[in-house]
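Subject: Structure handover

Hello,

Here is the structure you are taking over. My notes on it follow below the entry.

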Amino acid sequence: MKFGFVKVAAAVPSVKVADCKFNAQQTENLIAVADGKGVQILVFPELNLTGYSCADLFGQQLLLEQAEFALMQVMNNTRQLDIISIVGMPVMVNATLLNCAVAFQKGKILGIVPKTYLPNYKEFYEKRWFAPSTAFPENMTVRLCGQLVPCGRNLLFDTPDTCFGIEICEDVWATIPPSSELALKGAEIIFNLSADTENISKHQYLRSLLAQQSARCLSGYVFASCGFGESTTDVVFAGNALIYENGTLLAASERFSFEEQLVATEIDVERLRAERQVNTTFAGSMRNYKDLPVHRIATELVTGRDLTLTRPVEAHPFVPSGGKVLDERCEEIFSIQVAGLAKRLVHTGCKTVVLGISGGLDSTLALLVCVKTFDKLGLPRKGIVGITMPGFGTTDRTYNNALSLMGSLQVTTETISIKDACIQHFQDIDHDMSKHDVTYENGQARERTQILMDYANKIGGLVIGTGDLSELALGWATYNGDHMSMYGVNASIPKTLVRYLVNWVAQTGVDALSRNTLLDIIDTPISPELIPADENGNIKQKTEDLVGPYELHDFFLYHFLRYGLRPSKIFYLAEIAFKGVYDSTTIKKWLTNFCRRFFNQQFKRSCLPDGPKVGSVSLSPRGDWRMPSDACAALWLKECEDLQG
């Protein structure tokens with residue numbers, strides 16, 4: 001499928017215990033439905049062709065014979081379909097019964113995977129009927145439905161799109177699950193056929209377990225468990241179908257439904273490969289298991305269809321969903337910023353900091369971090385020197401908000417105009433002030449930085465940087481101007497998140513007067529205010545008109561940096577995430593601009609000040625991102641040019 005997506009599904013069929021013919025019919029019906037939805041690989045619950053709860057009926061030859069007939073029926077009636085199906089059934093090997101997963105495609109059995117860990121405690125007593133996979137050689141051949149097929153727990157199934165492995169129910173509860181070994185040998189998706197019984201709190205534990213296993217294996221994990229129709233003599237089965245990708249739940253069934261269910265979504269195998277590629281611990285673990293025997297099975301090509309994603313694509317990947325989760329994330333990020341600055345102050349022995357306060361979002365967040373840090377260290381807030389430096393583009397709104405916020409937070413306030421100094425500077429270099437070019441703008445930015453640095457030297461303080469991650473990605477900072485500081489507390493906070501952090505502090509951590517000012521700052525257009533205001537005194541120079549919407553750039557940045565995605569895939573995802581907000585032409589325009597600026601502006605990131613990392617994406621040249629300043633962007637720009645925008 002396009003862009004590395006593999007469509008998978010977990011089925012929870014209706015079942016009648018020991019009625020193999022009925023169960024076969026339900027199985028093939030769901031296979032047909034899944035194929036119609038474009039599913040490439042489909043998994044069913046444990047022992048679904050017989051029912052899991054047959055108990056001592058597993059000793060009946062008639063049941064075992066009918067289970068094999070049921071598999072033949074399902075394969076014959078679905079042989080015209082490309083889909084790979086994985087069903088559960090008992091399989092007799094050398095007069096020993098195994099609890100197995102059987103994978104087949106187009107009427108051909110690809111392989112049989114026996115269960116390794118047989119639970120024999122509390123309500124489970126599988127050893128009464130079955131033998132574990134370890135009772136047989138790693139690689140053996142079994143005859144089933146007239147076919148000689150490989151059988152073992154170490155099977156890997158290679159498709160043109162992905163490599164997958166299989167484990168069964170209790171296997172994932174083991175100390176070292178088979179899926180861990182399979183992942184280290186190349187399995188990118190794990191399918192689990194399960195018969196998970198219900199009791200209080202177990203479901204939440206199960207979800208945590210599956211999330212952790214998919215995260216440890218850096219894999220997709222597709223789990224299908226028995227549902228309505230299994231025996232309720234002593235236990236109940238709720239019909240859990242769960243699909244995870246690297247710790248994230250993508251899709252889930254309705255628990256305790258009386259109807260059959262099919263839960264389908266797409267797993268981004270390309271993203272998983274990117275995670276494994278950069279994770280040296282995963283590679284180290286692979287070396288520890290290099291001698292693990294494995295048997296690879298090739299499958300046929302699943303007919304390609306046009307890709308239509310059903311999984312959600314988050315438009316603001318840096319910002320968690322609202323409510324409690326967002327509050328917890330904001331508190332954690334803010335605490336990381338505070339802890340980072342506190343360590344620097346304690347180490348240097350500085351009891352004063354200096355920062356420029358513009359009345360914009362970034363400097364506001366930096367000021368709030370300073371205030372919280374000083375409070376936690378027991379230092380007086382007067383040691384925080386906020387300097388507002390009005391220039392040619394400063395508006396009354398931002399200037400007054402800067403003064404109001406500093407006053408209500410009770411920090412030391414200084415006002416130093418840069419106009420006269422800049423006028424003198426432009427005269428010195430013979431620059432026409434009516435020409436509002438890069439010299440005109442950068443001259444103001446560097447004058448402000450000079451004031452901050454020299455003032456900090458004067459009082460023995462540290463200059464606190466205010467620039468954010470989005471600005472660093474785009475190079476939207478004046479080199480050796482606002483680009484420079486002695487510690488940058490916002491260095492890994494993207495612009496889309498800055499607004500939420502300021503709002504969180506406004507709602508939870510300040511007085512009423514400060515709150516009102518913060519809310520107005522949040523509503524103020526983003527601008528460096530380096531160009532004179534319009535005739536009404538309003539901001540004329542709006543950043544997003546010049547470089548593009550920050551929500552788009554943050555989306556591009558996240559997928560480009562976090563997963564190494566190519567422009568065409570980022571474009572495809574952005575079209576979905578921002579449908580109805582931006583058209584394709586607009587997305588293409590700003591994606592091209594992002595790629596061009598990201599490469600051209602690396603020289604600014606190569607010499608960044610220190611600052612705390614808060615998330616999975618950072619541009620620190622000492623940490624997450626090491627890139628030549630003279631790398632060529634031609635490949636990325638050519639792909640942007642070829643996009644159909």
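The model is a predicted one, so please read every value here as computed from predicted coordinates. A polar atom of the Ser 618 side chain lies 3.4 Å from the backbone nitrogen of Ser 620. Apart from neighbours within four places in sequence, the contacts of Ser 618 are Leu 469, Ser 492, Leu 561, Lys 613, Asp 624 and Trp 625.

**The whole chain**

The protein has 645 residues, of which 56% are buried. The secondary structure amounts to 20 helices and 20 strands. The C-alpha trace spans about 100 × 55 × 45 Å along its principal axes. Of the contacts between residues at least 6 apart in sequence, 74% are between residues at least 24 apart.

**The largest nonpolar core**

In general, nonpolar side chains tend to be buried together in soluble globular proteins. Here the largest nonpolar core contains 51 residues, and the ones with the most contacts inside it are Leu 42, Leu 71, Val 102, Ile 109, Ile 112 and Leu 144. Two or more residues each come from β1 (5–12), α1 (20–36), α2 (61–78), β3 (84–93), β4 (96–105), β5 (108–114), β6 (140–144) and β7 (147–151). The largest share, 7 residues, is that of α2. Leaving out residues up to four places away in sequence, Leu 144 touches Glu 68, Leu 71, Met 89, Val 91, Val 102, Ile 109 and Ile 112.

**Strand β3 and its partners**

Of the 10 residues of β3, 9 are buried, so the strand is largely enclosed by the rest of the structure. β3 runs parallel to β2 (residues 41–43), to which 3 bridges join it; Ile 41 has Ile 84 of β3 as its bridge partner. β3 and β4 run antiparallel and are joined by 10 bridges, with Gly 88 partnered by Ala 101 in β4. The hairpin of β3 and β4 has 2 residues between the strands, and Asn 94 in this hairpin takes a positive phi near 50°.

**A sheet of seven strands**

Which strands make up the open sheet, and in what order? There are 7 strands, in the order β13-β12-β11-β10-β9-β8-β15, and their pairing is mixed. β13 (248–252) and β15 (295–298) are the edge strands, each pairing on one side only. From one strand to the next, the twist averages 25°. Within the sheet, β11 (residues 220–225) and β12 (residues 241–245) run antiparallel and are joined by 5 bridges, and Phe 223 stands opposite Leu 242 in β12. Helix α4 (residues 202–216) lies across β11, β12 and β13, at about 35° to β12.

**Helix α11**

How far apart are the end C-alpha atoms of α11 (residues 438–459)? They are 32 Å apart, which agrees with the span of 32 Å that its 22 residues should have at 1.5 Å a residue. At the start of α11, the backbone nitrogen of Thr 439 has a side-chain oxygen of Asp 437 within 3.2 Å. Just after the helix, Gly 460 takes a positive phi of about 70°.

Regards

Methods
Residues numbered from 1 in each chain as written. Predicted model: local features only at pLDDT ≥ 70, side-chain atom pairs only at ≥ 80, totals over all residues. Heavy atoms only, no water. Core = buried A, V, L, I, M, F, W, Y, C linked by side-chain atoms within 4.5 Å. Buried < 20%, exposed > 50% of the residue type's maximum accessible area, 1.4 Å probe, protein only. Helix = DSSP H or I, 4+ residues; strand = E, 2+ residues; numbered from the N terminus. Contact = heavy atoms within 4.5 Å. Expected span 1.5 Å × (residues − 1). Polar contact = N/O pair within 3.5 Å; in protein donor to acceptor, adjacent residues only side chain to side chain. Pairing = 2+ DSSP bridges. Axes fitted to C-alpha atoms, helices over the stretch in contact; angles between N-to-C directions.
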